[in-house]
Amino acid sequence: MSQPQQHATQYLSDYRPYPFTLNSTALSFQLAPDNTQVTARLSFQPRDPANPRDLVLDGGKGLTLLSLTIDGAEPAAEMVLRQSETLTIRAEALPRTTFVLETEVQIDPSANTAFEGLYISGGMFCTQCEAEGFRHITFYPDRPDVMAPFDVTIQSDKPVLLSNGNPVESRPGMARWQDPWPKPAYLFALVAGDLVAISDRFTTMSGRDVALNVWVRPGDEDRAGFAMESLIKSMQWDEKVYGREYDLEVFNIVAVDDFNMGAMENKGLNIFNSKLVLASPETATDGDYERIEGVIAHEYFHNWTGNRITCRDWFQLCLKEGLTVYRDQQFTADMRSAPVKRIADVQTLRARQFREDQGPLAHAVRPDHYQEINNFYTATVYEKGAEVIGMLRQLVGDDGYRKALDLYFDRHDGDAATIEDWLKVFEDATGRDLSQFKRWYTDAGTPHVDMQESWDAANGRLTLTLRQHTPATPGQPEKPARVIPVAVGLIGPNGQEVGKTRILELDQPEQDFVFDGLGAQPVVSALRVFSAPVMLNRQIDDDMRAFLLAHDTDPFARWEAGRELALSALTDLAMGKDAGAGYVDAIGQLAGDQRADPAFRALCLNMPSEEEIATRLAAAGTTPDPDRIHGAREDLGRRVANAHAHLLAQIYDDMAVPGAYSPDAEAAAKRALRIAALGLLNRIDGGDRAEVLFGTAGNMTERMAALSCLIRRGRGQAALAAMADQFASNRLVMDKWFAVQPMAAAPEDAADVATELARRSDFDWKNPNRFRALLGGLAANHAGFHRADGKGYDFTAEWLMKMDRANPQIAARMSTAFETWSRYDPERRAKALNALQRIADMDGISRNLGEMVSRMIA
Ligand code: ARG
Ligand code: ZN
């Protein structure tokens with residue numbers, strides 16, 4: 001089997017400080033679409049003048065060097081060495097003290113389809129520099145531990161010219177910005193365009209006045225208000241909860257249509273994918289609103305966790321991302337419902353991170369090698385990175401956490417820090433030894449925790465025996481025991497809680513935990529709040545699960561009991577066994593429980609996805625059969641609908657929210673429950689309710705739900721046509737339109753639907769959102785993507801190869817559709833491997849996609 005072209009691997013152990021300090025960076029841009037000139041004046045100082053070193057700058061192939069001087073003089077030609085990705089100036093040509101390097105380069109933003117560095121989106125100049133985009137703008141030490149204050153001058157005929165920091169000068173055709181806070185190049189940003197702002201102001205806790213702007217294209221102003229509200233809430237929250245104050249005179253947010261990721265925390269100038277800024281009731285769903293609020297918060301929170309304290313090198317990415325995700329999760333929990341947020345986060349973690357951890361792409365929260373860092377902006381670094389912080393907090397307590405964070409900000413403000421620094425702060429603040437805990441950062445894989453109970457009636461004693469085991473992951477065959485906080489509560493036979501929730505610290509391969517003084521055998525509620533990102537295996541039957549679903553006081557554990565009922569029924573059904581009666585009963589009781597929060601009931605009514613069922617089967621050593629899984633889930637859904645038709649219809653009617661749309665948590669919860677009921681009823685009412693709802697709903701949440709139901713019943717054509725008609729010029733709505741079709745199609749049709757859609761003239765595939773909509777929509781249709789004849793694989797592979805030539809980051813990211821390929825049957829495996837092999841063999845494959853594919857077929 002041939003391997004893709006090899007690219008160099010970077011190792012954490014090779015880290016060396018940069019041999020120069022950078023005192024200041026002055027940039028000057030003359031913007032033109034295909035011929036932008038960038039002048040950089042960089043003031044360097046050798047760290048060790050006694051030991052002269054070459055000055056090595058990063059610089060991509062797209063840079064044309066026009067001139068270079070050192071302290072105003074041109075060095076001899078042989079002193080300057082241009083290689084494909086670097087520019088080296090020989091030590092002999094460099095002064096031993098502070099010197100100014102000035103370069104002038106020419107770049108072509110109009111040719112930049114990778115959307116990394118300076119590019120054009122909808123006529124607007126914008127940038128994306130994390131992780132290593134700045135090297136496509138000018139020659140520079142493009143690494144996060146080289147920090148400098150920036151002074152940026154922009155010349156352009158665009159009316160709005162923005163960069164980081166504070167505005168210091170502005171007249172038609174030019175603007176100058178100064179950012180006093182030393183920062184690495186990845187936080188640089190520039191925007192030039194025909195933009196309008198919605199504006200507000202914020203007074204910080206120490207009384208400083210900050211101008212706030214959300215910049216959008218003319219015509220989009222009426223969809224930017226929610227983003228602004230979210231920003232203000234984020235600023236208030238970070239002051240109140242973390243004591244963190246904003247530190248510039250202005251905070252700008254810009255929405256752009258072509259963006260590889262969600263958003264970017266550039267200092268004082270956050271740039272966002274427009275889907276995470278723009279929202280109106282007619283165009284955005286409740287889920288969109290919640291994500292906008294969460295991502296605005298996330299990027300804002302980076303101002304302290306990421307910008308004021310950044311990462312020493314990209315191996316430390318989780319230092320800023322894990323912590324910032326943890327903070328945005330806390331924020332959303334405070335703004336909305338904490339239990340519902342926790343359950344949603346666990347669902348995401350399992351769907352994305354557990355999936356990643358179980359396959360060929362598994363890696364540590366802090367990886368120790370990579371070829372392409374952009375391939376490591378993953379669920380493991382982000383979401384598991386946040387879980388690790390949640391565990392730390394449980395181990396040291398809320399006070400310890402607060403002390404440690406205060407110390408972190410105190411000690412490391414202005415630093416480029418490491419995970420070692422982070423853990424040391426917790427050790428110093430709390431006195432706890434975290435050397436074993438560190439394995440959560442260095443060891444990949446999801447631990448399996450087995451729990452055994454033994455009840456000693458004579459002594460009223462319950463013993464829990466916990467065992468841990470983490471399966472091997474690529475490059476890490478042995479996994480020593482790590483410390484795992486397992487939150488446990490006990491519930492008496494009468495349904496009453498016995499004692500308080502206890503955190504068991506499992507730090508051995510096997511350990512006993514004893515509970516004494518119990519009158520009767522309790523039911524154990526284990527892994528409350530999902531206290532650790534592990535897979536818990538316990539002996540438990542459907543009656544106990546139903547008991548926990550009825551009585552557990554921990555909302556996560558309660559939801560989990562219902563989830564386990566569903567999963568055990570679905571996995572049994574998928575293996576041809578008779579199952580599900582207990583689930584059908586229990587779910588009816590919960591759905592009808594008027595005291596429970598509608599959002600919680602909605603979460604319980606939503607059955608596990610086909611992907612989740614497949615993951616569960618695979619973890620248990622069974623080969624998942626996508627078609628049988630699909631059949632099992634359809635069957636169980638129909639049974640629930642038939643058994644509770646009356647109740648579900650009642651819920652559907654009761655949960656209609658009258659009056660004007662509001663995206664608040666309470667109204668969204670009702671809609672979520674209503675839609676969950678609709679999804680079940682849709683299996684027995686032929687789609688009639690969905691048809692009415694699509695025609696009458698005044699908000700996108702219900703319209704999209706109705707549309708998806710109609711497609712599932714094979715009667716989506718009219719609704720799809722109506723939507724395309726109404727929203728032809730709204731990209732974000734059309735993205736949903738592209739995504740829902742392959743996603744909701746019958747498995748046997750999904751790949752054909754995707755193929756048809758890809759032929760449309762409005763399949764603007766170079767736009768990352770549009771591409772993700774279509775390929776992601778197909779990948780989300782589990783049985784459709786894994787169609788037995790390989791059509792789903794082939795379609796995806798063809799487009800990944802095409803995309804790789806334009807935008808390697810997007811191609812690499814979407815290639816994760818294949819990350820589970822090896823868990824299926826031999827026929828599917830052969831077809832998936834064949835598709836992957838074709839990608840691997842492609843000429844000139846990017847480092848991004850090349851690395852992903854080689855890991856997947858290794
Ligand atoms: N730091 C950004 C965030 O808030 C993500 C940017 C990642 N960009 C990239 N090209 N890898 O999470
Ligand atoms: Zn982030």
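I looked up the shell of ligand 1 and found 14 residues around it, the closest being Glu130, Met261, Met264, Asn374 and Tyr377. I note that this is a predicted model. I then sorted the shell of ligand 1 by residue class: 5 are nonpolar, 5 polar and 4 charged. Next I asked which elements supply at least two residues of that shell. Strand E19 (263–264) and helix H2 (286–301) each do.

I turned to helix H12, residues 610–619. How many of its 10 residues are buried? I count 8, so H12 is largely enclosed by the rest of the structure. I listed the buried residues: Glu610, Glu611, Glu612, Ile613, Ala614, Thr615, Arg616 and Leu617. Just after H12, I found Gly621 with a positive phi of about 85°.

I checked the UniProt record, an unreviewed entry. It annotates residues 76–187 as "domain: Aminopeptidase N-like N-terminal". For that span I looked up the secondary structure: 0% helix and 48% strand. The end C-alpha atoms of residues 76–187 lie 33 Å apart.

Last, I looked up Met544. Met544 sits in helix H8, residues 542–551. Why do I log Met544 as partly exposed? Because 16 other C-beta atoms lie within 10 Å, and a residue counts as buried at 20 or more and exposed at 12 or fewer. I also took the distance from Met544 to Gln37, which is 507 residues away along the chain. Their C-alpha atoms are separated by 69 Å.

Definitions and conventions
Residues numbered from 1 in each chain as written. Chains lettered and ligands numbered in written order. Predicted model: local features only at pLDDT ≥ 70, side-chain atom pairs only at ≥ 80, totals over all residues. Near = placed C-beta within 6 Å. Helix = DSSP H or I, 4+ residues; strand = E, 2+ residues; numbered from the N terminus. Nonpolar A, V, L, I, M, F, W, Y, C, P; charged D, E, K, R; others polar. UniProt positions renumbered as here; feature names shortened; annotations may be inferred.
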